[in-house]
Amino acid sequence: IGYPKYYDIAGNHMTRERVREELGIKTEKKIIAYLPTWDENSSIPVYYNELKSLKDTYYIVTKPHHCTYRLDSKKDDLNKLYEISDMVLQPEYGLDKFMFIGDLTIIDAKSGATLEATFLNDNMKMVWLMVSKDVKNLFWQEINNIVELVDNRDDLVDVVNKTMDGVVCQRYQLLFRYVMLKNICQNVWTAL
């Protein structure tokens, strides 16, 4: 479940404009922040073509996992990230800032940072990517009220477009209305 060290600062000191200015991002396109993991749950090889096609419409900023960035066995994935992204940040770029870059964040559902990222910016539209087809057995049904889950690469572009134009749910309110945080953490941990 990552390291939930940011929960008390979510939304308190970051703004989309401030982070974009710091990075020198100047674009008229809406921005997708992409946060892939590195192991067998990585969406990079599975969703590569779909992510690359999104680059025509959206500006994509990627924060690679440190293992993708440094391991020789992941060089192909890193090269793919450079192909699909307008900007690739260093892995050590702060997650607290990263979650304020995009108009929408795409993140691997089985990444350790997924839950943490979900709490950082309550106003962020999110799409979680799955590389397995067994989504129904990994998460409680309520997760669909919090984020969009994609387990079929053919659906990604449509889901991103729909989510980009949709209303942002208030994750904090929904999470605590449906289940206590402890139960979500246990469920996500079990899924991993």
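Student: Which side chain does Asp76 meet in a salt bridge at 3.4 Å, N to O?
Tutor: This is a predicted model, in which local features need pLDDT of at least 70 and side-chain atom pairs count only at pLDDT 80 or more, whereas totals for chains, interfaces and linings use all residues. Residues are numbered from 1 along each chain as its sequence is written, and side-chain values use heavy atoms, with hydrogens and water left out. A salt bridge is a side-chain nitrogen of Lys or Arg within 4 Å of a carboxyl oxygen of Asp or Glu. The partner of Asp76 is Lys80.

Student: By how much of a helix are Asp76 and Lys80 separated?
Tutor: Helices (H or I, at least four residues) and strands (E, at least two) are DSSP runs, numbered from the N terminus. Both residues belong to helix α4, and because they are four residues apart, the separation is about one helical turn.

Student: Is Lys80 buried or exposed?
Tutor: Buried means under 20% relative accessible area, exposed over 50%, and partly exposed in between (1.4 Å probe, protein chains only). Asp76, at 47%, is partly exposed. With a relative accessible area of 18%, Lys80 is buried.

Student: How many residues apart are Arg16 and Asp103?
Tutor: Their side chains meet in a salt bridge at 3.4 Å, N to O. The pair links distant parts of the chain, with Arg16 in helix α1 (residues 16-23) and Asp103 in the loop between α5 (95-98) and β4; the separation is 87 residues.

Student: What is the nearest side chain of opposite charge to Glu50?
Tutor: Lys and Arg count as positive and Asp and Glu as negative; His and the chain ends are not counted. Glu50, in helix α2 (residues 44-54), is buried yet has no salt bridge. At 4.3 Å, the nearest side chain of opposite charge is that of Arg153.

Student: Within what arc do the buried residues of α8 fall?
Tutor: In helix α8 (residues 156-165), Leu156, Val159, Val160, Thr163 and Met164 are buried. They line one face of the helix because, seen down its axis, they fall within an arc of 130 degrees. The arc is that of the directions from the helix axis to the C-beta atoms. For the buried residues of α8, the value is 130 degrees.

Student: Which residues does Asp165 contact, neighbours within four places in sequence aside?
Tutor: Asp165 is one of the exposed residues on the face of α8 turned away from its buried side, and its relative accessibility is 64%. Contact means heavy atoms within 4.5 Å. By that cut-off, and leaving those neighbours aside, Asp165 is in contact with Lys30 and Lys125.

Student: How far is a polar atom of the Ser85 side chain from the backbone oxygen of Leu81?
Tutor: Ser85 sits in the loop between α4 (75-84) and β3 and is buried at 5% relative accessibility. The distance from the backbone oxygen of Leu81 to that side-chain atom is 2.6 Å.

Student: What share of the residues in the protein is buried?
Tutor: The protein has ten helices and six strands. Of its 192 residues, the buried share is 51%.

Technical notes. Polar contact = N/O pair within 3.5 Å; in protein donor to acceptor, adjacent residues only side chain to side chain.
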